[in-house]
Amino acid sequence: MSGRRTGAELVIVGGGVVGLAIAREVRRAGMDVVLLEKGRVGREASWAAAGMLSPLGEALEPGPFLEFGLKSLRLWTSFAPTLEEETGVELEFRRCGKLRLAFSEDEKDRLGNRLRWAHRRGVPARWLDGPEVRKAEPAVASDPRGGLLLEEDYRVDNRALGEALVRSARDSGVEAQEGREVTELRVQGGRAVGVGLADGSRLDAEAVVVAAGAWSGSLEGLPGSVPVHPARGQMVALQPSAIPSDRVLEWEEGYLVPRDDGRVLAGATEERVGYQRAVTAGGIRDVLASAVRLAPELAGAPVVELWSGLRPATPDGLPVLGAHPEVENVFLATGHFRNGILLTPVTGEAMGKLICETESSGIPEEFAPGRLARTAMDEVTSS
Ligand SMILES: Cc1cc2nc3c(=O)[nH]c(=O)nc-3n(C[C@H](O)[C@H](O)[C@H](O)COP(=O)(O)OP(=O)(O)OC[C@H]3O[C@@H](n4cnc5c(N)ncnc54)[C@H](O)[C@@H]3O)c2cc1C
């Protein structure tokens, strides 16, 4: 690692899955790329995630988010084997399916509604009534009113994903530097000319990508604000003698994700506590209580790991992808909230096209960085 360079064609701020996927893509298109990571690559939200790939499970309505997620899932089916072959890292990419359980009439109605628009969109999904759920998932206690079965959902080992991406990016020539905190974007005459770092050094750049996850709004120097805030998620890994289900089980309060090594990941809280990353007694109590209510056999399972991460959340729940509205050679790629692992391939591909100007990026205009500022402005002018 040099750390002595004075400039690069493209500087990427942030080495989570988003920054790494973009770095890999633009490098392949021939750009000279330096990625700057304040800690270790892939060790923040991308490390903390549960690895569910569930476009329909996560979309609240039909629209651009669902379409982007479905596109990414399609890409995943070639992205995962390619990355594994390139790097030798096993990603545990499995078509495990997800069962989203309903324990109340309200939740049943909501899921029934989702099933209808899934069918209209042609996305495979099926309703199981209460007795069918009990037969399919004997470990589930209490009395589910039914469940939405998403057989096309996948899971992946997100920690392995970070490792594979950095290996692939480095092998293709990306210079990924760790322990390099960017504090400032240097903007002159409406264009970025580089970045300033916490150690006082500078790096010149012809363009800059901000992919700093929940910290994307913390950089000095950019006009306006990047409206991303941290949403803490706390998780627990259990090592039961038998996993409750091969599928991901999800309900209103949480989820259980099986892993190949027999662990079960139970998640997750969603908290607005700023940048506090602590694992708390109350958070873990809530996650475990809910998991054990769902699958009582888990009560005897050893706890093997506790952790938390900060999701990059936005006011409207959509990612922020595209050129900065005022500084055209700054690109924002953040706000992936609960779905950055799902959206890794499509984000890398789309941002690569945008930055390299090879072809239309396919990024929905609903994700444009300027939209949130516009919304705030509209509210001011209409009041
Ligand atoms: C508990 C939990 C469960 C989740 N489960 C899922 C799931 O099942 N499926 C799914 O798709 N998604 C899931 N997510 C969401 C997913 O993890 C995120 O959307 C995704 O990891 C965001 O990636 P990122 O690269 O934007 O952010 P991060 O992984 O946080 O990476 C940002 C990087 O930028 C670096 N950085 C920040 N500021 C600077 C700076 N000034 N200078 C240099 N570097 C900087 C950070 O150190 C960090 O490494 C989950 C998240 C959490 C917390």
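A salt bridge is taken as a side-chain nitrogen of Lys or Arg within 4 Å of a carboxyl oxygen of Asp or Glu. By this rule the side chains of arginine 277 and glutamate 44 form a salt bridge, with an N to O distance of 3.5 Å. The model is predicted, and local features need pLDDT of at least 70, side-chain atom pairs pLDDT 80 or more, whereas totals for chains, interfaces and linings use all residues. Residues are numbered from 1 along each chain as its sequence is written, and side-chain values use heavy atoms, without hydrogens and water.

The chain comprises domain 1 (7-47 + 160-227 + 316-382), domain 2 (98-151) and domain 3 (229-312), with bounds from an automatic or database domain assignment. The C-alpha centres of domain 1 and domain 3 lie 29 Å apart. Their contact (heavy atoms within 4.5 Å) involves 13 residues from domain 1 and 11 residues from domain 3. Together these two domains bury about 1100 Å², of which 54% is on carbon and sulfur atoms; buried area is the accessible area (1.4 Å probe) lost by two parts on being put together, summed over both. On the domain 1 side, Ala214, Phe337 and Arg338 lose the most area to domain 3, together 50% of what that side buries. The interface of domain 1 and domain 3 holds 3 salt bridges.

The ligand is surrounded by 38 residues (a heavy atom within 4 Å), the closest being Glu37, Ser46, Val182, Arg338 and Leu342. An oxygen atom of the ligand lies 2.9 Å from a polar backbone atom of phenylalanine 337. The protein buries 98% of the 1000 Å² that the ligand exposes when taken alone, by the Shrake-Rupley method with a 1.4 Å probe.

Notes:
A polar contact is a pair of N or O atoms within 3.5 Å; within protein, one must be able to donate a hydrogen and the other to accept it, and residues adjacent in sequence count only if both atoms are side-chain atoms.
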